[in-house]
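Welcome! Take a moment to turn the model around on your screen before you read on.

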Amino acid sequence: MNPLTIILLLGTAQGTFLIFALLGKKGTNRMGHGNLAILLYAITSYFLYALLENFDGFHFFKSILKINSIAIGALIGPSFFLFVKSYLVPGKRNWKLSVWHFLPYFLLLFVLATMELVYGKITAVAAIGSPTFVYLIEGIKTVHIITYMALTASLLFHLPKAGNILFQGNSMSVVRWLGFLLVLFMLTVLGSLLFFIWAKFFSTDIIDGEPIYVVALLVLVVYSIAYMAIRFPLSVSKEEEVLVFKRSPKYRTSPLRESDMLRILDLAKKEMETNKPYLNESLTIESLAEKLQIPVHHLSQSINQLHKRSFNDFVNGYRVEEFKARISNGMHDHKTILGIALESGFASKSSFNRIFKSLTQMTPNAYKKMKR
C-alpha cells in the first residue's frame, strides 16, 4: 500500500466520522455545524474518489464521483465562509438565504452530468490536458474559491479591531485556529493551481488528479477540524450589544460533583491565604495541585467553574490584593511601586500594570495616591 493510499484512507475515515458527529451534535449554532459538515463532505468525497482511482472496478461509481469531484470545488469556499461567519457574526440565520451560496455547485454538477450523458467526455478524459472547457471550469472554480477565501479573510482581519468584542479566557486561540484553516485552504488552492499550470505548460504527460502534497494539506485540514472544532468548540453570545467569545464548557463529561469542587476550591483558597504561594512568580497549577495532593484537572475545573476564572486570573487576584495591602499599611513606603509588585509575586512591570488595571480599573500610581 503506497503512502498516498494510506493518507487517503485516514482522511476518508476521519472526515466521515466528523460529518456524522457534527450532524448529530446538539446545541446552538446548528447552521455552523451544518456548514462545517458540508465542507467535510466536499473534502471527504474527493478523498473517496481519489482512493477508488487506485483500485480496479467501481467504474460506474467512479464516474459519478469524478463528475462530483470536479464540481466539489464550488462547495469548499461558501461552506467554509458560512461556517466562519456563523461564529464571528452570531445571530439568527435564514438557511434559505444560505442555500444560494451553493447554487454554483448544483449548476456545475448539472452541466457536467448533462455533458457526460450527451457527449460522454467528462469521465473519458483526464482532468488535465483535456479540452478547453476543462480549463474554463478550473478557472471559474479557482476564482470562486479565492473570492470566498477573501471574504473569510476579511471577517477574520476585522474581528480583533471591532470595539464590541470581548474574548474570555483563551477563546482567541480558537479564532486563530480559524485563521490557520484559512491559510491551509489558501496553500491548497495555490498548490493545486501551480500543479495545474505545470501540467498544462511544462509536462509532456497527461496527468489526472492532484499531487500528494495537495491531498496531504486537505487531510491536515480534516484533522485540524477534528482536534479543534470537536474538542474545543467556540461559543459566542451577545450581551448588551457586546459579542462575548468563550470556549464552550469542557467539563460536561467530568464525574466531579459540585460538593467536591467546593471542597477543592476551599482548600486552594486556604493555601493561598495561609502560605501565600502566589508570592512565587513561578507558581503553576501543577505545583499547587501537588501541594494540595489533588489532580491538576480537578483543581482547574473547580477554579474555572466555581470561581469563573482561569488559574492565572485566580492567582493574580491574590497578588493584586497583596500589593494593595502592602501599599496601605505604610510599611513599604520606602520602596518603589515596581519593587512592591515584584515582592507580591508579579514577574514584570508590564504584566503587573496590565493585570492591576484590569482588576481595579485604575493604575498602580493612582491607587497609591488615593491611599495616601
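## Before we start

This is a predicted model, in which local features need pLDDT of at least 70 and side-chain atom pairs count only at pLDDT 80 or more, while totals for chains, interfaces and linings use all residues. Residues are numbered from 1 along each chain as its sequence is written, and side-chain values use heavy atoms, with hydrogens and water left out.

## The whole chain

The protein chain has 16 helices and three strands. Both are DSSP runs numbered from the N terminus: helices are H or I with at least four residues, and strands are E with at least two. Of its 372 residues, 44% are buried. Here, buried means under 20% relative accessible area, exposed means over 50%, and partly exposed lies in between (1.4 Å probe, protein chains only).

Accessible areas come from the Shrake-Rupley method with a 1.4 Å probe, and for residues only the protein chains shown count as cover. Now for contacts, which means heavy atoms within 4.5 Å. Among contacts with a separation of 6 or more, 69% are between residues 24 or more positions apart.

## Two nonpolar cores

A nonpolar core is a set of buried Ala, Val, Leu, Ile, Met, Phe, Trp, Tyr and Cys residues joined through side-chain atoms within 4.5 Å. The largest one has 54 residues, and F47, F80 and I225 touch the most other members. Helices that each supply at least two residues of this core include α1 (3–23), α2 (30–52), α8 (172–201) and α9. There is also a second, separate core of 17 residues, with I264, M272, F311 and F314 among them.

Let's look at one pair of residues. Leaving out residues up to four places away in sequence, F47 touches L8, G11, T12, V215, L218, V219 and V222. V222 sits in helix α9 (residues 212–230) and counts as buried because its relative accessibility is 0%. Apart from neighbours within four places in sequence, the contacts of V222 are G11, Q14, G15, L18, L40, I43 and F47. V222 and T16 are 206 residues apart along the chain, yet their C-alpha atoms are separated by 9.9 Å.

## A helix with two sides

Which residues of helix α11 (residues 285–292) are buried? They are I285, L288, A289 and L292. These residues are on the same side of α11 because they cover an arc of only 100° around the axis. The arc is that of the directions from the helix axis to the C-beta atoms.

On the other side of α11, E290 and K291 are exposed. The cover over the buried residues of α11 includes α10 (258–275), α12 (296–306) and α13 (311–328). After α11 comes Q293, which has a positive phi, near 60°.

V183, L187, L190, L193, L194, I197, W198, F201 and F202 make a nonpolar surface patch of about 890 Å². One of them, L194, belongs to helix α8. Patches are made of residues with over 30% relative accessible area and no salt bridge; like charges are joined within 9 Å, and nonpolar side chains (Val, Leu, Ile, Met, Phe, Trp, Tyr) within 5 Å.

## Salt bridges

How many salt bridges does the structure hold? There are six, each being a side-chain nitrogen of Lys or Arg within 4 Å of a carboxyl oxygen of Asp or Glu. D266 pairs with K270, with the closest N and O atoms 3.4 Å apart. Both lie in helix α10, four residues apart, about one turn of the helix. D266 is partly exposed at 36% relative accessibility, and K270 is partly exposed at 47%.

Another salt bridge joins the side chains of K276 and E322 (3.4 Å, N to O). K276 lies in the loop between α10 and α11 and E322 in helix α13, so this pair ties together parts that are 46 residues apart in sequence. E322 is buried at 9% relative accessibility, whereas K276 is partly exposed at 33%. E343 forms a salt bridge with R326, where the closest N and O atoms are 2.9 Å apart. E343 lies in helix α14 (residues 337–343) and R326 in helix α13, so that pair ties together parts 17 residues apart in sequence. Finally, a network of salt bridges links K276, E322, R326, K335 and E343.
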